[in-house]
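These are my notebook entries on one chain, kept in the order in which I looked things up. I wanted to go from single residues to the cores and sheets, and then to the chain as a whole.

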Amino acid sequence: SLGLVGSEMCIRDSCVDTLVEYDNKGVMREGLATKWEWDADTLTWTFTLREGITFPDGTPLTGTVAAQALRDAMAPDSHYAQRLGGVRSVAAGEGTVTVTLSTPNGALPVLLDIPIALGDGDRPLGTGPYVLTEEATGETVLTARSGWWQGRSLPFQTIHLASVGQADDLISSFDAGDITLLDADLTGTNSLGY
């Protein structure tokens, strides 16, 4: 089982994709963005989105959706707020997202392994390999998504989630092996989440 606090874990790890990804050696590669360009004169990064990507409900990935997801990530209470502290604004284009900085940052793409989700709240949709669903029994699970754009085989068709609300319970469940995922933003100052 994986620990679940709201749906935050799902959003960051299984249900959504990001503009850039990292391979198992930590090398950055294309994700939802196929290329990115820096303009030093305007302090802007422009990311070109991959075509043909949809959310589980059929909604296409657009510049508007991606820009709003980045704006949400900039919110003071967001897991990614500190990482995006140097961003002045985010604008949508036709198949693009433009990020304007307050100071130059030639390494901004390295920081953009941020979830691109449709909507907000407890269960926003993502373009990732799993969909957060509730079974007839009331159990919350991650279900493998058919038609995932990356088409890679997935290790599990269903991942069962455990809802744990108290910090002591989270630590105890992690120590006991009932929860096997530790979530941490290594670029932030937030405390670890189990």
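**Entry 1: S173.** I looked up the contacts of S173 (contact meaning heavy atoms within 4.5 Å) and found that, not counting residues up to four places away in sequence, S173 touches D178 and I179. The residue sits in helix 3, residues 167–176, where helices are DSSP runs of H or I with at least four residues, strands are runs of E with at least two, and both are numbered from the N terminus. S173 has a relative accessibility of 16% and therefore counts as buried, given that buried means under 20% relative accessible area, exposed over 50% and partly exposed in between, with a 1.4 Å probe and protein chains only.

I note here that the model is predicted, that local features need pLDDT of at least 70 and side-chain atom pairs pLDDT 80 or more, while totals for chains, interfaces and linings use all residues. Residues are numbered from 1 along each chain as its sequence is written, and side-chain values use heavy atoms, with hydrogens and water left out.

**Entry 2: confidence.** For pLDDT, the predictor's confidence in each residue from 0 to 100, I find a chain mean of 83, with 83% of the residues at 70 or more. Over residues 1–12 the pLDDT is below 50, although this stretch has 44 contacts in the model beyond near neighbours in sequence.

**Entry 3: aromatic rings.** I counted rings of Phe, Tyr and Trp (its six-membered ring) as paired if their centres lie within 6.5 Å, with planes under 30 degrees apart called stacked, over 60 edge-to-face and the rest tilted. This rule gives 3 aromatic pairs. In one of them, the ring centres of W36 and F47 are 6.2 Å apart and the planes stand at 40°, so I recorded the pair as tilted. Because W36 belongs to strand 5 (residues 33–39) and F47 to strand 6 (residues 44–49), the pair ties together parts that are 11 residues apart in sequence. W36 is partly exposed at 23% relative accessible area, whereas F47, at 0%, is buried. Both residues belong to one aromatic cluster, formed by W36, W38, W45 and F47.

Which residue in the loop between strand 5 and strand 6 did I check next? It was L43, which has a positive phi of about 55° although it is not a glycine, and which counts as buried at 17% relative accessibility.

**Entry 4: D57.** I located D57 in the loop between strand 6 and helix 2 (63–74), where it is partly exposed with a relative accessible area of 49%. Its side chain is joined to that of T59 by a polar contact of 2.9 Å, a polar contact being a pair of N or O atoms within 3.5 Å of which, within protein, one must be able to donate a hydrogen and the other to accept it, and for which residues adjacent in sequence count only if both atoms are side-chain atoms. Leaving aside neighbours within four places in sequence, D57 is in contact with L118 and L125.

**Entry 5: cores.** I took a nonpolar core as a set of buried Ala, Val, Leu, Ile, Met, Phe, Trp, Tyr and Cys residues joined through side-chain atoms within 4.5 Å. The largest has 28 residues, and L19, L61, L70, V99 and L112 have the most contacts inside it. At least two residues each come from strand 6, helix 2, strand 7 (87–93) and strand 8 (96–101), and helix 2 supplies the largest share, 6 residues. Another core, of 7 residues, lies apart from it and includes C15, Y130, L132 and L161.

**Entry 6: strands.** With pairing taken as at least two DSSP bridges between two strands, I find an open antiparallel sheet of 3 strands in the order 2-9-10. Strand 2 (17–18) and strand 10 (125–126) are its edges, each pairing on one side only. Strand 2 pairs with strand 9 (residues 115–118) over 2 bridges, and D17 has I116 as its bridge partner. Strand 11 (residues 130–134) and strand 12 (residues 140–144) are antiparallel over 5 bridges, with V131 opposite T143. These two strands form a hairpin with 5 residues between them, and G138 in the turn has a positive phi of about 95°.

**Entry 7: whole chain.** I count 3 helices and 13 strands, and buried residues make up 40% of the 194 residues.
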